[in-house]
Amino acid sequence: MAQLIKIKVTVNDTVYEREVEPRLLLSDFIRHELGLFGTHVGCEHGMCGACTILFDGEPVRSCLIFAVQANGHEIKTVESLGTPEHLHPLQEAFNEKHGLQCGFCTPGILMTVVPFLEENPHPSEDEIREAIDGNICRCTGYEKIIESVQAASEKMSSGK
Amino acid sequence: MTGKYFGQPVLRLEDKHLLTGRAKFCDDIVIPGMLHAAFLRSDYAHAIIKNIDVTEARKHPGVVAVYTAEDMGDYWKLGPLQVPPPFAIKGAQFNARTLPPIAKGKVRFSGEPIAVVIAESRYIAEDACEDIIFDAEPLPAVIDLEKAWEDTSVLVHDDLPSNMAALVKQESGDYEAAKKQADVVVSHRYVADHVAGAAMENRGFVVNWDERTQEMTVWAGTQAPLPLRSAIAGRMGLVENQVRVITPYIGGGFGPKVMTSQADDVLLPWISMKLNRPIKWIEDRRENFLATTSERDQVHHCEMALKNDGTILGFKDIFYHNTGAYDPYGMTVPLNTQTHTVSNYRVPNFYTEIRMVFTNEMVVTPVRGAGRSEGVFVMERMMDLAARELKMDPVEIRLKNLLKKEEFPLNTGVIGQDFVVGVLDSGDYKNNLEKCIQMIDYEKFRNEIQPKARKEGKHLGIGVVTFTEGTAVGPYEGARVTVGNNGKVSVATGYSTQGQGHFTVFAQIVAEQLNVKVEDVRVITGDTGHFHWGAGTFASRGATIAGSAINSAAVLVREKIFATAAKLLDVPEDQVELCEGSVCVKGHPEKSVSLGDLAGKANPMRGAVEADVKPGLEATAYYAPPHGATGSGACAMIVDVDPETCKVNIERFVLVHDCGTVINPLLLEGQIQGGVSMGIGNAFYEKMVYDENGQLMTASFMDYLMPQATDMPKRMEIGHNVHPSPLNTLGLKGVGEAGALPPPPAFCQAVEDALYEYDLDLTESNLNPSLLYKFKNEATKR
């Protein structure tokens, strides 16, 4: 076994100090070391987008990064949004517009859309389509995901 | 039929846990002491195994055990036939060659497992796979379907005289006689390309043998928990109640997850028992592409005889179907193809022949569409060919031949995947098409939009096709509905769910019958500890088959509620009614009892209970259809093609659909839209490509192109027709696969129409810009 490396990572505002193998993927670290199972792994080669998390506020694919690279950085996962009792407006919109079916790709899509809506609170349909183009969904055909994001942008800008 | 909940766009109950990352999927299962499995898979498609040296792998720190076929002794057996052979069809020939759990003697496809490593972590298990020395003598690979059928081909299974897996002929009337009467006969060869199911969650399997309780618990992302439970129990020499299979949340199914008796579910229970440790295996994407099942891949030789006015006299289709290296799932796929060529038009005489062949490719089992896609593709292409020959409009020739609603129920004369003769139960196929062309403004497009576009140098084309979707086949499903002491209702069914929304639609059915809030109905799917009868999730049968069973159980519970409440409230049964969450006396709302209290009364802890009274407000029911219910529809699309780059944009997309009674219109749209995206993927993006050595060239999402958001039409315009099925009380038909069926032929027709300067003849279900460019260059310029 390779030498373990000490890392300190802030995930959803909690600081975690762990010793990890240098080859441990950030996705595996989040899921299996921290037990945050909302981040899903769909392809392990950066194509599907299911494992998207926020890395210092930017959406990145956690299967393409090693945990050691997250040392000293701030991570947000889907667990940082709402809870089943108090959904985030984006999550509410996905429920209302039927923006998910199996729900496996959904956390990655949410974490892609969160910074997108921060940067562009009133996106056009084409801009939304472009924004989620790197996230593969096998179930929905994307139309209702786009409607969900539109509805979320309205909700969030009206402060509801 | 709509009610307070039934027929309403009820928001999904399962969403909150999925949206917040709280839903538990297979890889989220953690058991103390759990080990991890990794499979070493063959790089060769066809080879004789000389030696598998696992010495170094066994020494690898953190490795607990390594097994090959040699280590399995008597436990190594060929797997079962998960679907029986089609001997209901006269003269059917079928050679069963089922899956070995792990290769022994020979490997027959690239990706076939040859060893399994069990280690303290998945990382270590994969490291140790690299320490295994696999020595094999490669053989030529059998890849081309038509060549594989020939006597001179290399054999996939040496003990068979040829690569014939099956030969099935079905006919009605007399095609050859009809051909003699015909004014025109058209014939052609078509290819239905190979595609993947590609659910976003790969397969997964977690097993825990508890030596002290002598019970085995399995968590698996399976579409068939009960067949899996029975298979594991049978192999392990356990009685069924010692094995509990639980399906956690599953990230999409789309067909391939219906397969059981693969390396994971055969080997890992045995190893878990041997080591007395829980084991987890999570498939990676490359394994999913290489070694989970996939579908399509047929070559058709079709012929159609017609009168000059476009009336079909007969149809002949001899087609090669690739079953891959083994055929454990019987003939479901090609039988569906056979069924769906002759199920929407009036074809008085036909002859169809399935030539199912073994190849050195992964096993073929259903993928959303499941043979229907291929049937719809070739029949619609033949209609286009005939229309072109007869200089008819593609819509006109279809309207002329579509079955009329007065003809239903209509016996098709073809035995389908459920081994009964198909009966088209209901619908209005012509109206589907009429509505579809109205929605897309067909006349306006032909007379105004297209001529104007052509003048401007643009290449706009339209494609219009029709389809049927055979759904909701038997054998049966069942469910148990129980009112709890808190007044909430639980539903348990053996049916398993992969994102379709069953937690919501099943709850809607029950809430309607028992007049409780829909969120007060908790549905458990696919847990054999809760309900232990059922066949599985396939053939768009959940809402219809499991839904009908659930409805029947709810009706029985309702009757029991009335009987128990009437006794308690001391009034005749016809004097009580369901108020929300309670039972009250008609006209006296103050005289009532809550459902929770009533459930308690129905389960007395002391005193004499009448002999024929079963405890609780509970009932179990089953539903078994005599044959499947058939959905139908029509689809049109307008494309804009760039003749230089052969890039195609779908400008408009319309689909009219009839799945009988609608339980939830919001979820119905979702089902159709998802199917359409797969259909569009199949038409222009997705293709599994094997090279001549049997190497899969598309084993990642870099090479296997999934449709993305920007590939989809801006809007999927969906129209509905509702012709309830007479087969079940609720009037339901399935819908899960409908959207996936019509896009490829509609796409071909539209592209041919767009590139009007060329005499284009598109014969493949999957195009891409390069292939379209090739077709264009081979075509004559008009």
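**Exercise 1.** Is the crossing of α11(B) and α12(B) left-handed or right-handed?

*Solution.* The model is predicted, so local features need pLDDT of at least 70 and side-chain atom pairs count only at pLDDT 80 or more, whereas totals for chains, interfaces and linings use all residues. Residues are numbered from 1 along each chain as its sequence is written, and chains are lettered from A and ligands numbered from 1 in the order in which they are written.

Step 1. Helices (H or I, at least four residues) and strands (E, at least two) are DSSP runs, numbered from the N terminus.

Step 2. The axes of α11(B) and helix α12 (residues 429-439) of chain B come within 9 Å and cross at roughly 160°. Axes are lines fitted to C-alpha atoms, for helices over the stretch in contact, and angles run from 0 to 180 degrees between N-to-C directions.

Step 3. At this angle α11(B) is therefore roughly antiparallel to α12(B). Angles under 35 degrees count as roughly parallel, over 145 as roughly antiparallel, 65 to 115 as roughly perpendicular and the rest as oblique.

Step 4. The crossing of α11(B) and α12(B) is left-handed. A crossing is left-handed if the near helix is turned anticlockwise from the far one by less than a right angle, and right-handed if clockwise.

Step 5. α11(B) contributes B:Val395, B:Arg398 and B:Leu399 to the contact, and α12(B) contributes B:Lys430, B:Leu433 and B:Ile437. Two residues are in contact if their C-beta atoms, placed from the backbone, lie within 7 Å. The contact of α11(B) with α12(B) has four nonpolar, no polar and two charged residues. Ala, Val, Leu, Ile, Met, Phe, Trp, Tyr, Cys and Pro count as nonpolar, Asp, Glu, Lys and Arg as charged, and the others, Gly among them, as polar.

**Exercise 2.** Which residues make the contact of α10(B) with α11(B)?

*Solution.* Step 1. Helix α10 (residues 372-390) of chain B and helix α11 (residues 394-401) of chain B have axes that come within 9 Å and cross at roughly 115°. α10(B) is therefore roughly perpendicular to α11(B).

Step 1. The crossing of α10(B) and α11(B) is right-handed.

Step 2. The residues in question are B:Met383, B:Asp384, B:Ala386 and B:Ala387 of α10(B), together with B:Pro394, B:Ile397 and B:Arg398 of α11(B). By class, the residues of this contact are five nonpolar, no polar and two charged.

**Exercise 3.** In which sense do strand β1 and strand β2 of chain A pair?

*Solution.* Step 1. β1 (residues 5-11) and β2 (residues 14-20) of chain A pair in the antiparallel sense over seven bridges. Two strands pair if DSSP finds at least two bridges between them.

Step 1. A:Val11 stands opposite A:Thr14 in β2(A). The hairpin of β1(A) and β2(A) has two residues between the strands, and A:Asn12 takes a positive phi near 50° there.

Step 2. β1(A) also pairs with strand β5 (residues 74-76) of chain A, in the parallel sense over two bridges. In β5(A), A:Ile75 is the bridge partner of A:Val11.

**Exercise 4.** Which element gives the most to the side of chain B that touches chain A?

*Solution.* Step 1. In this interface, 44 residues of chain B are in contact with 43 residues of chain A.

Step 1. On the side of chain B, the elements that give two or more residues are α1 (15-19) and α17 (665-684) of chain B. α17(B) gives the most, with seven residues.

Step 2. The side of chain B that touches chain A has 20 nonpolar, 16 polar and eight charged residues.
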